[in-house]
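Try each task on the structure before you read on.

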Amino acid sequence: MKHAELETEHSDFMAALDQDWECGAICPGNGGHEEDVCESLSFLQIDTGWDSPKDLPVGCEMWVSRNVLRKQRHWERTVTAKKNKRKQERERRKAKHGEDKGSSEQHSKRVLKAITRERLLEAKECGPWLCIDLSMTGHMTRKEVSRLAAQIRRLYGSNKKAEKPFWICLTGFVPGSLVYDECFRMNDGFSNYLMDTTQESYLDLFPLETIVFLTPDSENVLEDVDSSKVYILGGLVDESIQKKLTLRKAQEHSLQTARLPIREYMVKNVNEKNYHSEILAINQVFDALSTYYETKSWPEALKAGVSLGKGYILPDADK
Ligand SMILES: C[S@@+](CC[C@H](N)C(=O)[O-])C[C@H]1O[C@@H](n2cnc3c(N)ncnc32)[C@H](O)[C@@H]1O
């Protein structure tokens with residue numbers, strides 16, 4: 001309750017008390033009610049200078065009329081009721097604010113989903129396309145295939161967040177194969193991923209001159225990301241000691257190949273094991289590609305894709 005309101009209530013009560021004094025409702029009489037008087041007056045914070053009923057002026061025994069006590073109780077009830085009302089009001093406002101916030105969050109989630117969808121479908125129309133060739137999974141252990149499925153999930157997640165996404169296509173994705181089952185088993189909502197999946201080979205889907213096979217063993221350096229091209233990643237994990245597997249495959253079909261410009265923009269970092277590798281996981285290659293496509297900066301792109309564990313850093317990176 002506001003201070004002003006309390007004061008009004010208080011002065012109303014005081015007026016009533018004054019009136020009662022005037023009309024003799026509180027008047028000298030027989031004792032027994034002195035304590036009530038002191039209590040009432042102290043409740044109203046009236047300093048009488050009397051510490052106890054014994055201090056009452058001699059011969060001025062007082063008693064408080066029922067009317068005064070009734071008014072006092074009425075005042076107390078009013079104060080409590082107003083306090084409760086304000087509390088309820090505060091709680092109602094708080095609940096409403098929560099509801100509004102929840103619905104606006106839901107609204108912005110829906111908007112975000114629509115924007116993501118729009119961007120992905122635009123990439124489907126205008127490129128660039130990125131295929132993951134899943135026809136080589138026979139070279140991998142079950143554990144490696146599970147890791148590959150997890151990398152596909154991360155890659156798809158990054159692409160969904162990108163302002164300029166790629167259109168993703170899983171090729172050689174055969175129902176009943178281990179990688180097929182692992183993708184569905186490991187990745188929640190996989191059937192709703194906004195991308196293409198097909199059993200077919202990328203070789204039968206796109207004109208060969210539009211294909212660029214990304215492979216760490218290529219002699220060519222990737223200089224730019226061209227939206228009219230289809231980039232292919234080998235669906236392999238780094239445990240596979242399948243050296244130059246994708247390079248040989250690309251050469252068989254006279255495809256254009258390219259590697260990320262790691263050694264062109266980065267330097268070897270001194271580490272205990274003296275380990276340096278330019279072979280990245282598919283989601284890391286994708287992070288580099290996607291960042292480059294958005295920023296047109298290879299240092300930015302490589303920073304996003306090449307983890308410290310690969311033993312490469314940007315020359316100006318803080319060690
Ligand atoms: C873990 S690597 C597999 C390496 C394997 N030895 C091979 O023959 O491709 C998975 C895929 O990521 C891509 N990749 C990895 N590092 C790359 C790099 N430095 N440049 C271009 N592509 C790369 C390739 O498409 C590769 O097939």
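**Exercise 1. Follow the side chains along strand β3. Which residues point one way, and which the other?**

Solution. Step one is to sort the residues by direction: Trp 129, Cys 131 and Asp 133 point one way from β3, while Leu 130 and Ile 132 point the other way. In a regular strand, side chains alternate between the two faces of the sheet.

Step two is to ask about cover. A residue is called buried if 20 or more other C-beta atoms lie within 10 Å of its own, exposed if 12 or fewer do, and partly exposed in between, with the C-beta atoms placed from the backbone. Strand β3 covers residues 129–133, and five of its five residues are buried.

Before we go on, two notes on the model. Residues are numbered from 1 along each chain as its sequence is written. This is a predicted model, in which local features need pLDDT of at least 70 and side-chain atom pairs count only at pLDDT 80 or more, while totals for chains, interfaces and linings use all residues.

**Exercise 2. Get an overview of the chain. How many helices and strands does the chain have?**

Solution. Helices (H or I, at least four residues) and strands (E, at least two) are DSSP runs, numbered from the N terminus. By that count the chain has ten helices and ten strands. Of its 319 residues, 26% are buried.

Next, look at contacts; two residues are in contact if their C-beta atoms, placed from the backbone, lie within 7 Å. Among contacts between residues at least 6 apart in sequence, 79% join residues at least 24 apart.

**Exercise 3. Look closely at strand β6. Which residue of β7 stands opposite Val 212?**

Solution. Val 212 stands opposite Tyr 231 in β7. Turning to β8, Val 212 stands opposite Gln 256. For the side chains of β6 (residues 211–214), Ile 211 and Phe 213 point one way and Val 212 and Leu 214 the other, and all are buried.

**Exercise 4. Compare how helix α4 packs with two other helices. At what angle do α4 and α9 pack?**

Solution. Axes are lines fitted to C-alpha atoms, for helices over the stretch in contact, and angles run from 0 to 180 degrees between N-to-C directions. Helix α4 (residues 142–161) and helix α9 (residues 282–295) pack at about 15 degrees, with their axes 8 Å apart. Angles under 35 degrees count as roughly parallel, over 145 as roughly antiparallel, 65 to 115 as roughly perpendicular and the rest as oblique. Helices α4 and α9 are therefore roughly parallel to each other. In α4, Gln 151, Arg 154, Leu 155, Ser 158 and Asn 159 meet Ile 282, Asn 283, Phe 286, Asp 287 and Ser 290 of α9.

Now take α4 and α5: their axes come within 9 Å and cross at roughly 55 degrees. That makes α4 oblique to α5. Helix α5 spans residues 178–186, and its buried residues are Val 179, Tyr 180, Glu 182 and Cys 183. Their cover includes α4.

**Exercise 5. Find Ile 262 in helix α8 (residues 262–265). Is Ile 262 buried or exposed?**

Solution. Count first: Ile 262 has 21 other C-beta atoms within 10 Å, so Ile 262 is buried. Then list its partners: leaving aside neighbours within four places in sequence, Ile 262 is in contact with Glu 278, Leu 302, Val 306 and Tyr 312. Finally, the C-alpha atoms of Ile 262 and Trp 298 are separated by 8.9 Å, with the two residues 36 apart along the chain.

Terms used. Pairing = 2+ DSSP bridges.
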